[in-house]
Amino acid sequence: MTGFSELAPGSALSAALGRSVNGSELMLTYAILFLSAAALSFLLGYPVRSLALFLDVVDHPEKRKMHQIPIPLMGGLAIFASFAIVSAFAVTSGSFTFLDAQVRSYLGLMAGGVLILLLGIYDAIRGAQAP
């Protein structure tokens, strides 16, 4: 078992790159992926907002609500899309080597994310009621 500061020369990532990978490189890679997803989410926010306004998927002001203007919903769509795009790039770019079990876990994560996204969109459009 290796520590976080150094991946073993026999690890999957080390084998894929043909050299030993230290923890700093790995953390830098994760930081770049995180910042890429955050930036993409920010950039997708305006088009998703425009889509929500166009489709009238907004939270209208009411007596018991604080806002005075309609607030666009569906912001989760921008967040999910950015995560899906950046993570799919990371999986397919060859920067990481994945075992079959890890790919199945990733696909399961994405399937669960799609279900949550669809429930959120349904709630934004139709207003899901608690049981």
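This report describes cores, contacts, a salt bridge and a surface patch in a predicted model.

Residues are numbered from 1 along each chain as its sequence is written, and side-chain values use heavy atoms, with hydrogens and water left out. Because the model is predicted, local features need pLDDT of at least 70 and side-chain atom pairs count only at pLDDT 80 or more, while totals for chains, interfaces and linings use all residues.

**Nonpolar cores**

A nonpolar core is a set of buried Ala, Val, Leu, Ile, Met, Phe, Trp, Tyr and Cys residues joined through side-chain atoms within 4.5 Å. The largest such core has six residues, namely Val48, Ala52, Val57, Met74, Ala78 and Ala124. A second, separate core has five residues, including Phe80, Ala84, Tyr106 and Leu117.

Contact means heavy atoms within 4.5 Å. With neighbours within four places in sequence left aside, alanine 124 is in contact with Val57, Leu73 and Met74.

Helices are DSSP runs (H or I, at least four residues), numbered from the N terminus. Helix 2 spans residues 23-54 and contains serine 41. Leaving out neighbours within four places in sequence, serine 41 is in contact with Ala78, Ile79 and Ser82.

Leucine 51 is also in helix 2. Together with Phe54 and Leu55, Leu51 forms a nonpolar patch on the surface, with about 330 Å² of accessible area for the three together. Such a patch is made of residues with over 30% relative accessible area and no salt bridge, its nonpolar side chains (Val, Leu, Ile, Met, Phe, Trp, Tyr) being joined within 5 Å. Accessible areas come from the Shrake-Rupley method with a 1.4 Å probe, and for residues only the protein chains shown count as cover.

**Accessibility**

Buried means under 20% relative accessible area, exposed over 50%, and partly exposed in between (1.4 Å probe, protein chains only).

| Residue | Relative accessible area | Class |
|---|---|---|
| Serine 41 | 18% | buried |
| Leucine 51 | 35% | partly exposed |
| Aspartate 59 | 25% | partly exposed |
| Lysine 65 | 22% | partly exposed |
| Valine 103 | 31% | partly exposed |

A salt bridge is a side-chain nitrogen of Lys or Arg within 4 Å of a carboxyl oxygen of Asp or Glu. The whole structure holds one salt bridge. The side chains of lysine 65 and aspartate 59 meet in a salt bridge at 2.4 Å, N to O.

Valine 103 belongs to helix 4 (residues 100-126).

Key: Helix = DSSP H or I, 4+ residues; strand = E, 2+ residues; numbered from the N terminus. Patch = residues over 30% accessible without salt bridge, like charges linked within 9 Å, V, L, I, M, F, W, Y side chains within 5 Å.
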